[in-house]
Amino acid sequence: MKLKVYADRMSQPTRAVIIFCKVNRIDYEEIKIEISKGQHLTPEFAEINPMKQLPSIVDGRFKLFESHAILIYLACAFPGVADHWYPADLFKRSKIHSLLDWHHSNLRRGAATYVVNTAIAPVLGRPLNPQAAAEAEELLSSSLSKIESIWLKGNGRFLLGGNQPSIADLSLVCEIMQLEVLDEKDRTRLLGPHKKVQQWIENTRNATQPHFDEVHKILMKVKEKLQNQRLKEANDVGGSGMKKLWHSRM
């Protein structure tokens with residue numbers, strides 16, 4: 001039975017799972033669930049994932065949610081996945097687990113909260129929250145600094161000091177890519193000081209081509225439309241206009 005991946009490519013962790021499948025030639029069926037339309041909140045989807053979040057997978061009778069758990073499962077369950085993604089070496093695996101755990105409560109919390117409260121909250125039917133955005137920016141900036149000072153401090157091209165990416169590189173880079181939807185000056189302010197992070201993003205992108213760019217096409221389309229929206233409506237970046245933009249992203 002073919003692996004099923006329940007996905008919205010506007011979701012950072014979903015993109016990581018799909019890119020991983022494509023790079024490693026894992027045969028799968030992508031089932032689109034649009035978060036902006038509330039399709040993840042239906043009783044039917046709750047049977048797949050009671051947390052009603054994306055991504056989720058079904059492999060035969062086995063159901064799994066949480067992207068990091070999914071990536072680990074895929075790396076172990078499917079033959080042909082290169083060792084560097086999730087090394088057999090226990091010490092290296094433990095380092096990956098440590099990094100992924102840190103990601104959830106630091107980089108992800110900072111990046112996702114900032115993007116939501118500066119760009120996409122109206123799409124989700126929420127008001128923008130400047131105070132939450134300011135707090136998130138502080139956490140995001142701190143997280144980017146830690147990535148450079150702890151995991152990119154050596155000469156390696158990727159987070160664990162090696163020359164090939166792991167599932168941690170893919171997960172974290174997909175998270176940071178969400179910053180593409182921000183106003184360019186905000187994105188430059190956040191990423192500009194972190195040259196090592198910028199190079200690492202490019203290294204991960206190059207290591208997973210052409211799939212990285214293909215899976216991120218939807219994000220780039222939203223980025224372009226948002227830029228045009230800002231030019232046309234400098235004083236109005238929310239409301240029904242934003243919702244129309246989001247629903248037309250496909």
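The paragraphs below walk through the strands, helices, aromatic pairs and cysteines of a predicted model.

The structure is a prediction, and local features are described where pLDDT is at least 70, side-chain atom pairs count only at pLDDT 80 or more, and totals for chains, interfaces and linings use all residues. Residues are numbered from 1 along each chain as its sequence is written, and side-chain values use heavy atoms, with hydrogens and water left out. Helices (H or I, at least four residues) and strands (E, at least two) are DSSP runs, numbered from the N terminus.

Two strands are said to pair if DSSP finds at least two bridges between them. Strand β3, residues 56-59, pairs with strand β4, residues 62-65, in the antiparallel sense, and four bridges join them. Within this pairing, D59 faces F62 of β4. The two strands make a hairpin with two residues between them, and G60 in the turn has a positive phi of about 70°. Strand β3 also pairs with β1, again in the antiparallel sense, over three bridges; here K4 stands opposite V58. In a regular strand the side chains alternate between the two faces of the sheet. Both faces of β3 are covered, with S56 and V58 buried on one side and I57 and D59 buried on the other. Buried here means under 20% relative accessible area, exposed means over 50%, and partly exposed lies in between (1.4 Å probe, protein chains only).

Next come the helices. In helix α3, which runs over residues 67-77, the buried residues are S67, H68, I70, L71, L74 and A75. Viewed down the axis of α3, these buried residues fall within an arc of 160°, so they line one face of the helix. The arc is that of the directions from the helix axis to the C-beta atoms. An α-helix has 3.6 residues a turn, so residues three or four places apart point the same way. The cover over the buried residues of α3 includes β1, α1 (12-23), β3, β4, α4 and α7, where contact means heavy atoms within 4.5 Å.

Helix α6 has 22 residues and reaches 30 Å from its first C-alpha to its last, close to the 32 Å expected at 1.5 Å a residue. The expected span of a helix is 1.5 Å times one less than its number of residues. Among the buried residues of α6 are A132, A136, L140, L144, I147 and W151. Their cover includes α4, α5 (107-120), α7, α8 and α9. In the loop between α5 and α6 sits G125, which is exposed at a relative accessible area of 56%.

Helix α9 has 13 residues, 195-207, which should span 18 Å at 1.5 Å a residue; its end C-alpha atoms are 18 Å apart, in agreement. Its buried residues are V197, W200, I201, N203 and T204. Seen down the axis of α9, they fall within an arc of 160°, so they line one face of this helix. What covers them includes α6 (130-151), α7 (167-177) and α8 (184-191).

Rings of Phe, Tyr and Trp (its six-membered ring) pair if their centres lie within 6.5 Å; planes under 30 degrees apart count as stacked, over 60 as edge-to-face and the rest as tilted. The structure holds four such pairs. In one of them, the rings of Y6 and F45 have centres 6.0 Å apart and planes at 55°, so the pair is tilted. This pair links distant parts of the chain, with Y6 in strand β1 (residues 3-7) and F45 in helix α2 (residues 43-46), 39 residues apart. Y6 and F45 are both buried. The rings of W102 and W151 have centres 4.8 Å apart and planes at 55°, so that pair is tilted as well. It too links distant parts of the chain: W102 lies in helix α4 (residues 90-105) and W151 in helix α6, 49 residues apart. Both tryptophans, W102 and W151, are buried.

Finally, the cysteines. A disulfide is a covalent bond between the sulfur atoms of two cysteines. With a disulfide taken as a pair of cysteine sulfur atoms within 2.5 Å, the count comes to zero. For C21, the nearest cysteine sulfur is that of C174, 12 Å away. C21 counts as buried, at 0% relative accessibility. For C76, the nearest cysteine sulfur is that of C21, 14 Å away. C76 is partly exposed, with a relative accessible area of 48%.
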